[in-house]
Amino acid sequence: MLGQIYSNENEKLANNTPDYVDECEFEIVVYDESKEISYSEIIKFELINEECIVMLKK
């Protein structure tokens, strides 16, 4: 099941995807005090044989 996802302004984002997906990716971006990107990663979640596999992508 998909959960609630919010923007950086704490606004709930619309969910236009099905109730269930086999995989998804999230990009995590960390900003410094100057609002410059200091770090970024992509995390992939994938359901394989009813087991959730989490991969850190670069």
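Contact here means heavy atoms within 4.5 Å. The notes below concern a predicted model.

1. **Isoleucine 43.** Start in strand β2, where isoleucine 43 lies. Setting aside neighbours within four places in sequence, isoleucine 43 is in contact with Cys24, Glu25, Phe26, Ile28, Val54, Met55 and Leu56. Its relative accessibility is 23%, so isoleucine 43 counts as partly exposed. Leucine 56 deserves a separate mention. Isoleucine 43 and leucine 56 are 13 residues apart in sequence, yet their C-alpha atoms are 4.7 Å apart in space. Across from isoleucine 43 stands phenylalanine 26.

2. **The sheet.** In what order do the strands of the open sheet run? The order is β1-β2-β3, three strands with antiparallel pairing. β1 and β3 are the edge strands, each pairing on one side only. From one strand to the next, the twist averages 20°. β1 and β2 are antiparallel and are joined by nine bridges. As a general point, strands of a sheet pair through backbone hydrogen bonds, either parallel or antiparallel.

3. **Salt bridges: the count.** How many salt bridges does a search of the whole structure find? The search finds three. In general, side chains of opposite charge can pair when their charged atoms come close. The individual pairs follow.

4. **Glutamate 23 with lysine 44.** These two side chains meet in a salt bridge at 3.8 Å, N to O. The pair links distant parts of the chain. Glutamate 23 is in strand β1 (residues 23-31), lysine 44 is in strand β2 (residues 37-48), and 21 residues separate them. The accessibility classes deserve a look. Glutamate 23 has a relative accessible area of 44% and is partly exposed. Lysine 44 has 14%. That value is under 20%, so lysine 44 is buried.

5. **Glutamate 46 with lysine 44.** Lysine 44 also forms a salt bridge with glutamate 46, with the closest N and O atoms 3.7 Å apart. Are glutamate 46 and lysine 44 buried or exposed? Both residues are buried. Taken together, Glu23, Lys44 and Glu46 are linked in a network of salt bridges.

6. **Surroundings of lysine 44.** The residue sits in strand β2. Which residues does lysine 44 touch, not counting those up to four places away in sequence? They are Glu23, Cys24, Glu25, Ile53, Val54, Met55 and Lys57.

7. **Lysine 57 with glutamate 25.** This salt bridge has its closest N and O atoms 2.8 Å apart. Again the pair links distant parts of the chain. Lysine 57 is in strand β3 (residues 51-57) and glutamate 25 is in strand β1, 32 residues apart. Lysine 57 is partly exposed, at 33% relative accessible area. Glutamate 25 is partly exposed too, at 43%.

8. **The aromatic pair.** The count comes to one aromatic pair. Phenylalanine 26 and phenylalanine 45 form it. The ring centres are 5.9 Å apart and the planes make an angle of 85°. That angle is over 60 degrees, so the pair is edge-to-face. Phenylalanine 26 lies in strand β1 and phenylalanine 45 in strand β2, so the pair ties together parts that are 19 residues apart in sequence. Phenylalanine 26 is partly exposed, with a relative accessible area of 37%. Phenylalanine 45 is partly exposed as well, at 30%.

9. **The cysteines.** How many disulfides does the count come to? It comes to zero. Cysteine 24 is in no disulfide, and the nearest cysteine sulfur to it, that of cysteine 52, is 7.9 Å away. Cysteine 24 is partly exposed, with a relative accessible area of 27%. Cysteine 52 is also partly exposed, at 48%.

Conventions:
Residues are numbered from 1 along each chain as its sequence is written. This is a predicted model: local features need pLDDT of at least 70, side-chain atom pairs count only at pLDDT 80 or more; totals for chains, interfaces and linings use all residues. Side-chain values use heavy atoms; hydrogens and water are left out. A salt bridge is a side-chain nitrogen of Lys or Arg within 4 Å of a carboxyl oxygen of Asp or Glu. Helices (H or I, at least four residues) and strands (E, at least two) are DSSP runs, numbered from the N terminus. Buried means under 20% relative accessible area, exposed over 50%, partly exposed in between (1.4 Å probe, protein chains only). A disulfide is a pair of cysteine sulfur atoms within 2.5 Å. Rings of Phe, Tyr and Trp (its six-membered ring) pair if their centres lie within 6.5 Å; planes under 30 degrees apart count as stacked, over 60 as edge-to-face and the rest as tilted. Two strands pair if DSSP finds at least two bridges between them. Axes are lines fitted to C-alpha atoms, for helices over the stretch in contact, and angles run from 0 to 180 degrees between N-to-C directions.
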